[in-house]
Amino acid sequence: MKASKRHQEIIDLVQTHGYVSTDDLVERFDVSPQTIRRDLNELADSNRIRRNHGGATIITSSENSSYTSRKVMSSKEKQNIAQSLVKHIPDGATLFIDIGTTPEEIARALLDKHQQLRIVTNNINAATILMTKPDFKVILAGGEVRNRDGGVTGEATLDFISQFRLDFGILGISGIDYDGSLLDFDYHEVRVKRAIIENSRCVYLGVDHSKFGRNAMVKLGNISEVDLIITDKTPPEALSTIIKEHEIAMEIAD
């Protein structure tokens, strides 16, 4: 059996039972313990399962990984996604940039060749990156600053974002369910993301493959509301079908 197929079956087992042991997986797939441990480590690194001693469990849908962990997860994939996405942003455009490590990579990628951008963001890290470009105008939303990741959220943030009507909304996301639901962990953050979607002429989503099928507690919308998806691997069949049905543009970043 190919490793990719075994990985998906392991994920399915974890989601069905909540916990699977290394010994059970060795017996089920008739492979060595070293192979299963390697599989579980790879799945944990891509945020598909939670690794623990003797097996694996589901990732809780109520709490996100730490910002420090997310910064290093799939970092090369996020950089490639960012480089592909910014090709769709013309000079002189206006755009929202969302909270998240992928939007921060997109902010960094915009520094290379873009000129005269006008950017509204509730992401302090993105603002810090973008402010180094003299011809960029960066507008930082007010509100409550989360010390864990530099995100700005709350009623003041929501009111501020809702004042604008911009060309592009650049979203990050914590998970996409197999029915196309866009998911996140923080209710306050989700409300701001909704405002970005509703006040953008085009919505672009940069998302690495670890987010496909990943659980999170709060639903913010559906993938059908997105105009362009940039990712690093072809989504699972169920998601790919939805993307095709809604004629959403999608690119696989090399």
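A: Strand S5 (residues 118–121) and strand S6 (residues 137–140) run parallel and are joined by four bridges. The model is a predicted one, in which local features need pLDDT of at least 70, side-chain atom pairs count only at pLDDT 80 or more, and totals for chains, interfaces and linings use all residues. Residues are numbered from 1 along each chain as its sequence is written, and side-chain values use heavy atoms, with hydrogens and water left out.

Strands and helices here are DSSP runs numbered from the N terminus (strands: E, at least two residues; helices: H or I, at least four). Two strands pair if DSSP finds at least two bridges between them. Within the pairing of S5 with S6, isoleucine 119 has valine 138 of S6 as its bridge partner. From S5 the chain passes through helix H7 (residues 124–130) to S6, and this β-α-β crossover is right-handed; that is, with the strands pointing away from the viewer, the path from the first strand over the helix to the second runs clockwise.

S5 is also joined to strand S4 (residues 94–97), again in parallel and by four bridges. In this case threonine 94 is partnered by arginine 118 of S5.
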